[in-house]
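Here is a short report on one protein model. It covers a surface patch, the salt bridges and a pocket.

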Amino acid sequence: MKLRQLPSWQLERYLRPHSRPFPPQLARQLSTRSFTPRFLTQPSNHSDFRCNSRSIRPYTTTIPASDFLFGQPVHETHPHIVASGELTPGITAQEYHERRATLCQSLPPNSAVVLPSATLKYRSGAVFYGFRQESNFLYLTGFSEPESLAVLRKTGDGFGDYTFYLYCRPKDPKAEQWNGPWSGVDAARDVWNADEAGDITRVENLLGSALDGVTKIFTDAELTMYGVSTKFGTLLRSAAPKATTAPLKSHINALRAVKSPAEIANMRRAGQASGRALTEAMRRPWKYEKELAAFLDYQYQMSGLDGQAYIPVVAGGRKALLIHYVLNNGLLNDSEFVLVDAGGEYGTYITDITRTWPVSGKFSAAQKDLYNAVLRAQRSSVSLCRASANVTLDKLHQITETALRDQLQQLGFDVSGDAMGVLFPHHVGHYIGLDVHDVPGYPRNVTLKEGHCITIEPGVYVPDDERWPKAFRGLGIRIEDSICVGDDSPLILTTEAVKEVDDIEALRD
């Protein structure tokens with residue numbers, strides 16, 4: 001059911017009264033032809049909206065965007081979340097267009113990208129998790145609803161020579177009464193700038209024309225499972241029987257790995273608020289892991305973040321030796337450390353921080369010695385997160401391990417044989433962005449350049465056995481920051497989370 005086709009008296013049951021019209025949208029700049037902008041450059045009082053680059057579609061009623069219920073925040077309904085010109089927090093419609101244009105320009109002639117959305121995941125029975133869009137789909141469209149399919153059809157060699165198809169659920173007031181609002185086919189064109197939009201329930205009939213003449217399709221969706229064609233694989237073969245398929249991953253990873261200024265700003269906002277939350281947590285005494293975890297989640301929400309980026313690690317005492325301990329249901333003892341690996345997200349961009357501090361607020365001599373050993377190695381590696389250092393993540397790992405080995409030797413550790421593999425069993429860092437472990441498959445042997453965003457997270461986890469100095473047995477320490485690689489200096493995205501011994505102890509004074 002298309003809302004604009006209803007008489008205005010019927011629309012009133014589904015709409016809320018606001019006064020603003022659709023926001024202006026940046027016109028897509030194509031290099032090969034002129035066209036009518038998707039949106040008027042000024043708010044319109046007429047009964048027509050120039051919504052599509054190829055036609056002007058008449059409306060029987062002028063309805064402000066603020067009167068609609070969409071499936072995700074847009075500026076007119078959520079100006080406190082999405083600014084004018086943005087499709088998602090911090091990211092403009094123009095940037096989404098440029099992402100699509102850059103990707104398509106890198107692909108061979110007669111090719112297309114096909115991206116199915118994520119599906120709603122169920123926890124148990126009818127209880128579902130909050131929907132989270134597939135990252136590549138979100139990166140290229142900004143559209144965050146399930147039961148959707150995006151197609152990018154390359155149409156020429158110039159920048160912007162592509163056609164963007166978006167298939168999604170049509171408006172359905174009865175279904176939305178039960179499940180909440182979704183945006184509909186018209187909004188796919190009018191808000192998310194699809195050149196062509198259609199009903200996802202008719203995609204079997206529509207996809208063939210979108211892929212007509214395509215000889216190569218790039219997709220990372222599963223085409224077969226256990227030797228049997230998936231539903232998506234069958235759909236693709238039916239729509240383009242002569243086309244070959246290839247992975248999309250390497251092409252889109254190269255784009256996603258290097259962050260734009262807007263992406264970095266989102267990650268900085270997430271890092272700043274998350275760092276402040278961790279510092280505030282260090283000020284307070286805690287008795288239970290779960291209370292500390294709940295406090296951080298609350299702080300993220302109250303500071304304007306979307307919420308937590310991942311299930312946190314809140315590990316008291318020897319549980320810090322378990323890298324991904326997430327039960328968070330134990331007691332915290334004053335004589336022990338607590339290791340907290342936690343971070344929030346903003347506009348679906350994450351931050352990743354780990355801090356370790358004494359539950360009592362004061363370091364013992366052994367705790368201070370081992371903590372400072374890890375901190376010195378971390379500081380040294382963070383300083384190399386710049387393009388001028390000409391390093392890779394793998395090289396940073398080698399440098400960090402060497403620094404840790406030297407520090408541990410000075411504390412009396414025998415670091416011969418497999419000692420470092422036991423004491424420092426994980427890599428020093430990973431890429432970050434829309435995902436905590438961003439751009440999966442993007443190699444760690446790529447020379448870091450300006451715009452790469454990574455973590456630096458050395459750790460030492462001392463088992464409780466006689467191989468190691470007695471004073472340090474059972475201690476687990478990790479110190480992690482999110483870093484954006486600069487040209488000649490790193491941008492520490494999480495600097496508000498204190499990590500110097502004196503600063504941590506001063507929080508309780």
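Leu120 counts as partly exposed because its relative accessibility is 31%. Its place in this predicted model is the loop between β5 (111–116) and β6 (122–124). Together with Tyr122 and Phe128, Leu120 makes a nonpolar surface patch of about 320 Å².

## Salt bridges around Arg99

The salt bridge count comes to 22. Arg99 takes part in a bridge with Glu95, with the closest N and O atoms 3.2 Å apart. The two residues sit 4 residues apart in helix α2 (residues 93–105), so about one helical turn separates them. Glu95 and Arg99 are both buried.

Arg99 also forms a salt bridge with Glu263, where the closest N and O atoms are 3.5 Å apart. This pair links distant parts of the chain: Arg99 is in helix α2 and Glu263 in helix α9 (residues 261–282), 164 residues apart. Glu263 is buried, at a relative accessible area of 2%. Arg99 is at 5% relative accessibility, so it counts as buried.

## A partly exposed pair and a network

Glu500 bridges to Arg379, with 2.9 Å between the closest N and O atoms. Glu500 lies in the loop between β25 (491–492) and α14 (501–506), and Arg379 in helix α11 (residues 365–382), so the bridge ties together parts 121 residues apart in sequence. Glu500 is partly exposed at 28% relative accessibility. Arg379 is partly exposed at 37%.

Shared partners also join Arg132, Arg256, Lys259, Asp435 and Asp438 into one salt bridge network.

## The second largest pocket

The second largest pocket has a volume of about 330 Å³. Its lining has 20 residues; closest to the centre are His324, Asp341, His430, His437 and Glu457. By class, the lining has 8 nonpolar, 6 polar and 6 charged residues.

Technical notes
Residues are numbered from 1 along each chain as its sequence is written. This is a predicted model: local features need pLDDT of at least 70, side-chain atom pairs count only at pLDDT 80 or more; totals for chains, interfaces and linings use all residues. Side-chain values use heavy atoms; hydrogens and water are left out. On a 1 Å grid over the protein atoms alone, a cavity is a set of points where a 1.4 Å probe fits but cannot get out, and a pocket is an open set with protein on both sides within 12 Å along at least five of seven lines; lining residues have an atom within 4 Å of a point. Grid points are joined across faces, edges and corners, and a volume is the space filled by probe spheres set on the points. Ala, Val, Leu, Ile, Met, Phe, Trp, Tyr, Cys and Pro count as nonpolar, Asp, Glu, Lys and Arg as charged, and the others, Gly among them, as polar. Patches are made of residues with over 30% relative accessible area and no salt bridge: like charges are joined within 9 Å, nonpolar side chains (Val, Leu, Ile, Met, Phe, Trp, Tyr) within 5 Å. Accessible areas come from the Shrake-Rupley method with a 1.4 Å probe; for residues, only the protein chains shown count as cover. A salt bridge is a side-chain nitrogen of Lys or Arg within 4 Å of a carboxyl oxygen of Asp or Glu. Buried means under 20% relative accessible area, exposed over 50%, partly exposed in between (1.4 Å probe, protein chains only).
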